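User: I would like to go through this model and ask what stands behind each term used for it.

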Amino acid sequence: PPRILTLEEPVLHMDHCIAFAVHGNPAPTLHWLHNGQVLRETEIIRMEFYQQGEVSEGCLLFNKPTHYNNGNYTIVATNQLGSANQTIKGHFLEKPFPAVSELFSFQMQYTPEFLCVDSQAFSFQVSIAVGLAAFACVLLVVLFIMINKYGRRSKFGMKG
C-alpha cells in the first residue's frame, strides 16, 4: 500500500510549494483535499510530481496565494492495495481586514488624557497651513496682475 514519506509546510521558491514524497507499488494515484473538500487544480493551484521507481516526489504549487488559500491540505495516495493520507496546515497571508464582529468587539476608553491634543504639534500644523494658504494667495495675485498687464496686447497692433 502507499506510504507518505514526507509532507512539508509551504515554502516560497518561484511559487509557494508544499513538497511531498509518496512510496507505493503499484504507483498510487494522488489527489488533494483543502479543509476536507476535494481540491480542483487551476492556473493558481496545480500539482507537479515525477515518478522515480516506487517513489513519487513533487509539489503542490500555488501561484500568488491569498488568505483564501489558508487552511489544512491533505494529500491522499491510493492504489489497489490501500490508501494513505496526511494533513499539513498551509498559511500564506493574513486576512486584509478584520471581521465585522471583531470591529465592534473592543471597547474604547475615553479618558481626559485621550482627549488632550499636543498644543505644540497643533500650532505647528496650523502655522504650516496658514503659510501655504498665504503663498497660494500671493501666487494668484501675481498671476492675475501678469495676465492683465501682458494678456491684453493684440497681435500686429490691431485693436479689437
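This is a predicted model: local features need pLDDT of at least 70, side-chain atom pairs count only at pLDDT 80 or more; totals for chains, interfaces and linings use all residues.

User: Why are strand 6 and strand 7 called paired?

Analyst: Pairing needs at least two bridges between the strands. Strand 6 (residues 45-52) and strand 7 (residues 55-62) are joined by eight and run antiparallel, so they count as paired. Within strand 7, Ser 56 is the bridge partner of Gln 51. The hairpin of these strands has two residues between them, and Gly 53 takes a positive phi near 70 degrees there.

User: What makes strand 5 and strand 9 edge strands?

Analyst: Four strands form an open sheet with antiparallel pairing, in the order 5-4-8-9. Strand 5 (37-38) and strand 9 (82-90) each pair on one side only, and this makes them the edge strands.

User: How do you know that strand 8 pairs with strand 9?

Analyst: The cut-off is at least two bridges. Strand 8 (residues 71-79) and strand 9 have nine, in the antiparallel sense, and therefore meet it. For Val 76, the bridge partner in strand 9 is Asn 85.

User: What does "buried" mean for the chain, and how much of it counts as buried?

Analyst: A residue is buried if its relative accessible area is under 20%. Of the 160 residues of the chain, 26% count as buried. The chain's accessible surface comes to about 12600 Å², and 62% of that belongs to carbon and sulfur atoms.

Conventions
Residues are numbered from 1 along each chain as its sequence is written. Side-chain values use heavy atoms; hydrogens and water are left out. Buried means under 20% relative accessible area, exposed over 50%, partly exposed in between (1.4 Å probe, protein chains only). Accessible areas come from the Shrake-Rupley method with a 1.4 Å probe; for residues, only the protein chains shown count as cover.
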